[in-house]
Amino acid sequence: MFNSTITEDNSFLGPADGSSMITASHFPYNRNGFKFFTNSGGLGKPDIKNILERAADIYDKFTVEGLTNSKQKLLASVKRVDYMNVYTSDLAKAVRKAARNIEKPLEGFHIVVDAGNGAGGFFAAKVLGPLGAVTTGSQFLEPDGMFPNHIPYPEDKTAMKAVSQAVLDNKADLGIIFDTDVNRSAAVDSTGLEFNWNRLIAFMSAIVLEEVRFFFFFAPRLIVTSDGLTTFIEKKLGGKHHRFRRSYKNVIDEAIRLNSIGEESHLAIETSGHGALKENHWLDDGAYLMFKILDKLASACASGQSGGSKEPEISVELRLKDSSVIQILKEGITFRDYGEAVPKHLENYVDSDPRLQKAPVNYEGVRLLLFTPNSLHDPVLPLNIELLDTSALDKFVQAS
């Protein structure tokens with residue numbers, strides 16, 4: 001949708017002045033909404049509020065006759081086009097260019113795609129295939145908004161297990177999984193090891209820093225990333241790890257702001273798999289993110305390189321949704337008030353205990369080891385914990 005606003009192509013009257021898509025992302029089918037784009041990027045809440053207010057004002061001034069005439073004019077001007085072929089062709093061209101114009105730079109690679117019955121099924125046949133990759137074993141490529149196999153969501157354990165198993169069953173070199181609308185992605189290597197969360201971020205950090213050879217901006221969802229990741233980025237790679245607030249739009253906007261004040265920034269990414277690069281117009285395109293990884297893997301395989309990254313032994317997100325929360329909501333307290341009270345209580349507790357210390361730089365919630373406030377979408381409290389000794393939480397995590 002965003003690329004349609006920047007692509008010069010007369011076949012679809014491009015570039016478009018604006019675009020819109022209907023999507024619920026990884027949420028159930030009854031949570032659908034709209035995303036809007038111009039050539040400046042995705043619209044945020046203030047922009048959408050402005051659109052709704054202006055539309056309501058225009059609608060109030062319409063007569064029945066005026067509405068009928070407008071509908072007829074609109075239907076007469078509608079043209080159906082296949083922009084997907086333009087988009088996928090441009091992606092393939094970008095990979096070939098990065099691979100020194102080799103026609104099939106992925107020849108010899110066996111790559112499994114798991115689209116989870118979302119919109120990402122095109123990736124196997126229209127992108128990887130023309131680039132030479134074998135894609136047998138790819139699964140759930142046909143769109144189905146009821147998601148009969150698993151939700152397309154790189155943070156979901158069932159989804160990641162499905163793509164990992166597909167890689168192992170097909171003896172593939174790599175597995176790729178997308179969320180519903182393909183703005184998030186994750187990968188799995190030939191052993192079934194998942195490249196999501198910290199691993200994905202560490203990998204992208206290394207790729208970007210090698211290419212730009214400047215300090216870069218990296219803004220994960222603040223609470224979920226580990227201090228081990230900071231050490232890896234800043235001490236081993238020589239980059240700068242800049243934590244910021246949750247929401248990929250906040251992260252991208254912060255990266256753009258830093259560039260505007262002269263702080264070189266090239267990557268904005270969340271642990272959820274939302275990743276945007278300066279070179280790609282700050283678009284959180286999961287397909288483009290995977291291309292960066294594919295290009296690097298092809299080069300590393302050809303040269304016999306290997307490597308790893310520092311990471312915590314375990315990073316767990318617990319989503320607190322117990323009976324006490326339900327009871328409080330029944331008593332008339334809003335979840336927002338409840339969600340804001342919990343981190344405030346923790347903060348007061350930390351202040352009263354000299355053994356505990358808050359992180360010096362923080363934008364939301366309370367950061368001791370790892371802690372987040374409310375989920376952006378659901379009535380749950382995410383608690384993120386990074387530990388080296390997990391024995392005390394093993395039973396609790398297994399139960400959850």
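I took two strands as paired if DSSP finds at least two bridges between them. Helices (H or I, at least four residues) and strands (E, at least two) are DSSP runs, numbered from the N terminus. I worked on a predicted model, in which local features need pLDDT of at least 70 and side-chain atom pairs count only at pLDDT 80 or more, while totals for chains, interfaces and linings use all residues. Residues are numbered from 1 along each chain as its sequence is written, and side-chain values use heavy atoms, with hydrogens and water left out.

**Entry 1**

I looked up the strand order and found an open sheet of four strands, 4-5-6-7, with mixed pairing. Strand 4 (111-114) and strand 7 (194-195) are at the edges with a single partner strand each, so one side of each has no neighbour in the sheet. I then followed strand 4 to strand 5, with which it pairs in the parallel sense over four bridges. Ile-111 has Leu-174 of strand 5 as its bridge partner.

**Entry 1: aromatic pairs**

I counted rings of Phe, Tyr and Trp (its six-membered ring) as a pair if their centres lie within 6.5 Å; planes under 30 degrees apart are stacked, over 60 edge-to-face, and the rest tilted. The structure holds seven such pairs. Phe-123 and Phe-178 form an edge-to-face pair, 5.0 Å centre to centre with 70° between the planes. This pair links distant parts of the chain, 55 residues apart: Phe-123 lies in helix 4 (residues 122-128) and Phe-178 in strand 5 (residues 174-178).

I checked burial next (buried is under 20% relative accessible area, exposed over 50%, partly exposed in between, with a 1.4 Å probe and protein chains only). Phe-123 counts as buried because its relative accessibility is 0%. Phe-178 is buried as well, with a relative accessible area of 0%.

Phe-123 also forms a tilted pair with Phe-291, at 5.5 Å centre to centre and 45° between the planes. Here the two partners are 168 residues apart, with Phe-291 in helix 9 (residues 286-303). I noted that ring pairs link Tyr-87, Phe-122, Phe-123, Phe-178 and Phe-291 into a cluster.

**Entry 2: helix 6**

Helix 6 is mostly covered, with twelve of its 16 residues buried. Among them are Trp-197, Phe-203 and Val-212.

I found strand 1 (19-23) and strand 2 (33-38) paired in the antiparallel sense over five bridges. Met-21 stands opposite Lys-35 in strand 2. Strand 2 also pairs with strand 3 (residues 41-42), in the antiparallel sense over two bridges. A hairpin of two residues joins these two strands, and Thr-38 stands opposite Gly-41 in strand 3.

I searched for pockets on a 1 Å grid over the protein atoms alone (a pocket is an open set of points where a 1.4 Å probe fits, with protein on both sides within 12 Å along at least five of seven lines; lining residues have an atom within 4 Å of a point). The second largest pocket has a volume of about 1500 Å³, a volume being the space filled by probe spheres set on the points, which are joined across faces, edges and corners. Of its 46 lining residues, Met-1, Ser-20, Met-21, Tyr-83 and Met-84 lie nearest the centre. Strand 1 supplies the largest share of the lining, five residues.
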